[in-house]
Amino acid sequence: MTNIIDGKAIAKEIREGLEKEVSTMTTTPGLAVVIVGDDPASAVYVRNKEKACENVGIISTKHALSAKTTEAELLSLIEKLNQDNKIHGILVQLPLPKQINEDKIIEAITPKKDVDGFHPFNVGRLVTGRPTFKSCTPYGIMELLKKTGIDIKGKDAVVVGRSNIVGKPMAIMLLAEHATVTICHSRTNDLESKVKGADIVIAAVGITEIIKGDWIKEGAVVIDVGMNRNAEGKLCGDVDFEGAKQRASFITPVPGGVGPMTIAMLLANTVESAKNSK
Ligand code: NDP
């Protein structure tokens, strides 16, 4: 029987734990959220993050900048936030307008406030197995796997997608838990055979139902990161959920799987940063 992994419920549990923890802290965690331009999807993500902060007792401060903001102006704001001792986490919502170099902005955030886990310093620490801020989506997936009691050690894991924010850190985190990891991408030959051999499939591509139901090995664990709109405008993942459900032992739905965990882990990283600031 397939178990549907309830990311919403697990994320709620994590948020409730954080709320309790924050209520006992002498330092109130502070998160600065920077949004540049008026991309509607980014505005929704930022609103959700602010609301989630408020619910657990993290103070979030929003900096909404115009689409014409220069790189120098944004760097100057980040420098101010780096120095502000009430701010423990800095989140710059991506994507940024094209006049701003994203890599430069990510590197300008002090690693100790990099609650997104995107700074090369923190990525380096992750790769070398040191404690660090972990990129929130793969961190959330690891928590989903752990809280569901899924054994990772020795399993063949296939990560489809190699972005810096999802695919690559995901592969590193699975490797750290002793999975044997294959990373697939747009130039991978015969994706189907790679997925067919996997005990754990993580799909982080951004193409509706690129992973077919009959590619899933009987009893495999399927984690769908994709957030896509189908022809009818309905939110759906990278996996053919109905087909994959027939074969998987565990599977995440879209929505209600990975998405809520991403925000929960952002909150967890911010609380951690406030604790470290002592
Ligand atoms: P990117 O666009 O940065 O990366 C997509 C990856 O998919 C790339 O590595 C690309 O390969 C690979 N890819 C593209 N086409 C194929 C193909 N035909 N076969 C195999 N691999 C392919 O996306 P993100 O990593 O940022 O996000 C991936 C998905 O996850 C998106 O739908 C996004 O919306 C969603 N997402 C969801 C989050 C959540 O909280 N639920 C958070 C973050 C993302 P290549 O490198 O060769 O181009």
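In the predicted model, a backbone N or O atom of Val-225 is placed 3.5 Å from an oxygen atom of the ligand, a polar contact being a pair of N or O atoms within 3.5 Å. The side chain of Ser-186 contributes an N or O atom that lies 2.5 Å from an oxygen atom of the ligand, while a polar backbone atom of His-185 is found 3.4 Å from a ligand nitrogen atom. Of the 930 Å² of accessible area that the ligand has on its own, the protein covers 70%, as computed by the Shrake-Rupley method with a 1.4 Å probe. The ligand is surrounded by 20 residues, the closest being Arg-162, Ser-163, Ser-186, Met-227 and Thr-262, where a residue counts as near if one of its heavy atoms lies within 4 Å. This shell comprises 9 nonpolar, 10 polar and 1 charged residues, with Gly counted among the polar ones and Asp, Glu, Lys and Arg as charged.

The packing of two helices was also examined. Helix H6 (residues 136-147) packs against helix H7 (residues 167-176) at an angle of about 35°, their axes being 9 Å apart, with axes fitted to C-alpha atoms over the stretch in contact and angles running from 0 to 180 degrees between N-to-C directions; helices are DSSP runs (H or I) of at least four residues, numbered from the N terminus. The crossing of H6 and H7 is right-handed, the near helix being turned clockwise from the far one by less than a right angle. Pro-138, Tyr-139, Ile-141, Met-142 and Leu-145 of H6 meet Pro-169, Met-170, Met-173 and Leu-174 of H7, contact meaning heavy atoms within 4.5 Å. The residues of this contact are 9 nonpolar, with no polar and no charged ones.

Residues are numbered from 1 along each chain as its sequence is written. For this predicted model, local features need pLDDT of at least 70 and side-chain atom pairs count only at pLDDT 80 or more, whereas totals for chains, interfaces and linings use all residues, and side-chain values use heavy atoms, with hydrogens and water left out.

Notes. A polar contact is a pair of N or O atoms within 3.5 Å; within protein, one must be able to donate a hydrogen and the other to accept it, and residues adjacent in sequence count only if both atoms are side-chain atoms.
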